[in-house]
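Hi,

Here is the structure I said I would pass on. Have a look at it first, and my notes follow below.

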Amino acid sequence: MDAYILGGLRSYVGLSKGMYCHVPAEKLGAAVLRQVMDKYNIIEPDYIIAGNAVGAGGNIARLMALEAGVKQTVPAFSVDVQCGSGLESIAIAAAKITCGEADVVIAGGFESSSCQPRRGLSKNHPDYVDDSWYSVAKFIPGVHRETVMLEGAEQAIIEEKVSKEELDYWVLRSHKLATEARDKGLLQNIIAPVFDAKQDEGIRPRMSQRLIDRLPKLLPDGKLLNAANACLINDGAAFIVLCSKKYLEEHGLKAQARVLGSTACGGDPMVSPRTAVTVLEKLLNKHHLQEKDIDGFELNEAFAVIDVIFARTFPNSLDKYNVFGGALAYGHPYGASGAIITLHLLESLRQRGGRFGCTSVAAAGGVGTALLLEYLE
């Protein structure tokens, strides 16, 4: 049994403490979820599955669904694979449909870094030092450091022998393409304007080499990682409607795409950016496909080093990679990013006449998740 995609919507992406500053995660997600349900006339989905990484926990997806006015009889559950949460939510939804457990599922994710709760260790915890707060979860055994993700990106840059010029190229490209996409309205089909937002807050039309050169390094002893080649901290939400062939036939609907498969991989948690490409290779091998068979790639561009690794691994696919720009420009609202790049992929395939497309995310702790789609319209 196949799983199909009807479509979906995303919010504009806001900067932390920006335009969604006072909007809790569940309310931001609920506003987008409501628009998705209205657009696709979904009254009572079988499940709502949503990624969230820095919220208050306690099955925040269920709270969001209730905020959206979804019937109390509809189950909702949260997924936390950090950066990969939204994409893994879509993969789980597809699996539920494929195995016959569900006919229509709404999946994606939502995030509010602006309203992220403060966290602290219990005095009973062996790592307790004082009553200070932390914002970054512990991803690896050993010392709990707030900078662990940045350290992992810096380590990837060093081990892959990436130059400043390579990183700068992808920063400039991302903002340039995102600016063009915004100015031409290329993504308006998938935008749900909520809370009076007017545009994605992170895009910098005037991003320049001079500006990049002036930015300080993000780590005290860092060599190349800076605020341009690492994504910013963001708020946003995105959801996709998946369904069975039976649901399509019963409602006289035509699917936008078919989910062909998904996979995940583990890797060195201190060089986590690599997994975005490692999992892509695993996915293509699993489905006996080659680089030339894929018409669109969308990777979560949390760090420019991911772009460099992709370019070295798939050198013939740069013209079909992140064609609207990536997270270096739009931002990375952790739990929502997997759904955001899936929506961008669908738009890329639609506008460019492509058939097969892949999305991929590298997550904290060294976990990569990837999805393979076939565009049908």
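The charged end of Lys96 sits over the ring of Tyr47, 4.4 Å from the ring centre. Bear in mind that this is a predicted model.

Lys96 belongs to the buried residues of α3, along with Ser85, Gly86, Leu87, Ser89, Ile90, Ala91, Ala93, Ala94 and Ile97. That makes α3 a mostly covered helix, with 10 of 14 residues buried. The helix runs over residues 85–98 and spans 20 Å from first C-alpha to last, close to the 20 Å expected at 1.5 Å a residue. After α3 comes Gly100, which has a positive phi, near 85°.

Now back to the rings. The count of aromatic pairs comes to 7. One of them is Tyr47 with Phe77: the ring centres are 6.3 Å apart and the planes stand at 85°, so this pair is edge-to-face. Tyr47 sits in strand β3 (residues 47–51) and Phe77 in strand β4 (residues 76–79), so the pair links distant parts of the chain, 30 residues apart. How covered are the two partners? Tyr47 is buried, at 16% relative accessible area, because the limit for buried is under 20%. Phe77 has 26% relative accessibility and counts as partly exposed.

Phe297 and Phe310 make another edge-to-face pair, 5.1 Å centre to centre with 65° between the planes. Phe297 is in strand β8 (residues 296–299) and Phe310 in helix α9 (residues 304–313), so the pair ties together parts 13 residues apart in sequence. Both are buried: Phe297 has a relative accessible area of 1%, and Phe310 comes out at 0%. These two rings also belong to one aromatic cluster, together with Tyr169, Trp170, Phe314 and Tyr321.

On to the pockets. The largest has about 630 Å³ of space. Its lining has 29 residues, and Val136, Met149, Leu150, Ile233 and Tyr334 lie nearest the centre. By class, that lining holds 19 nonpolar, 7 polar and 3 charged residues. The second largest pocket has a volume of about 190 Å³. Gly120, Leu121, Asp127, Tyr128, Val129, Asp130, Ser132, Trp133, Tyr134, Val143 and His144 line this second pocket, which gives 6 nonpolar, 3 polar and 2 charged.

What about closed spaces? There are 3 cavities of 30 Å³ or more. The largest cavity holds about 110 Å³ of space. Its lining has 16 residues, with Asn300, Gly326, Ala327, Ile340 and Ile341 closest to the centre. The elements giving two or more residues to this lining are β8, α10 (327–330) and α11 (337–352), and α11 gives the most, with 4 residues. By class the lining has 7 nonpolar, 7 polar and 2 charged residues. Strand β8, one of the elements in this lining, is also where Phe297 of the aromatic pair lies.

The second largest cavity has about 40 Å³ of space. Its lining is made of Cys83, Met149, Ser272, Pro273, Ala302, Phe303, Ile306, Ala362 and Ala363, and divides into 8 nonpolar, 1 polar and no charged.

Cheers

Key. Residues are numbered from 1 along each chain as its sequence is written. This is a predicted model: local features need pLDDT of at least 70, side-chain atom pairs count only at pLDDT 80 or more; totals for chains, interfaces and linings use all residues. Side-chain values use heavy atoms; hydrogens and water are left out. On a 1 Å grid over the protein atoms alone, a cavity is a set of points where a 1.4 Å probe fits but cannot get out, and a pocket is an open set with protein on both sides within 12 Å along at least five of seven lines; lining residues have an atom within 4 Å of a point. Grid points are joined across faces, edges and corners, and a volume is the space filled by probe spheres set on the points. Ala, Val, Leu, Ile, Met, Phe, Trp, Tyr, Cys and Pro count as nonpolar, Asp, Glu, Lys and Arg as charged, and the others, Gly among them, as polar. The expected span of a helix is 1.5 Å times one less than its number of residues. Buried means under 20% relative accessible area, exposed over 50%, partly exposed in between (1.4 Å probe, protein chains only). Rings of Phe, Tyr and Trp (its six-membered ring) pair if their centres lie within 6.5 Å; planes under 30 degrees apart count as stacked, over 60 as edge-to-face and the rest as tilted. A charge sits over a ring if NZ of Lys or CZ of Arg is within 6 Å of the ring centre and within 35 degrees of the ring normal.
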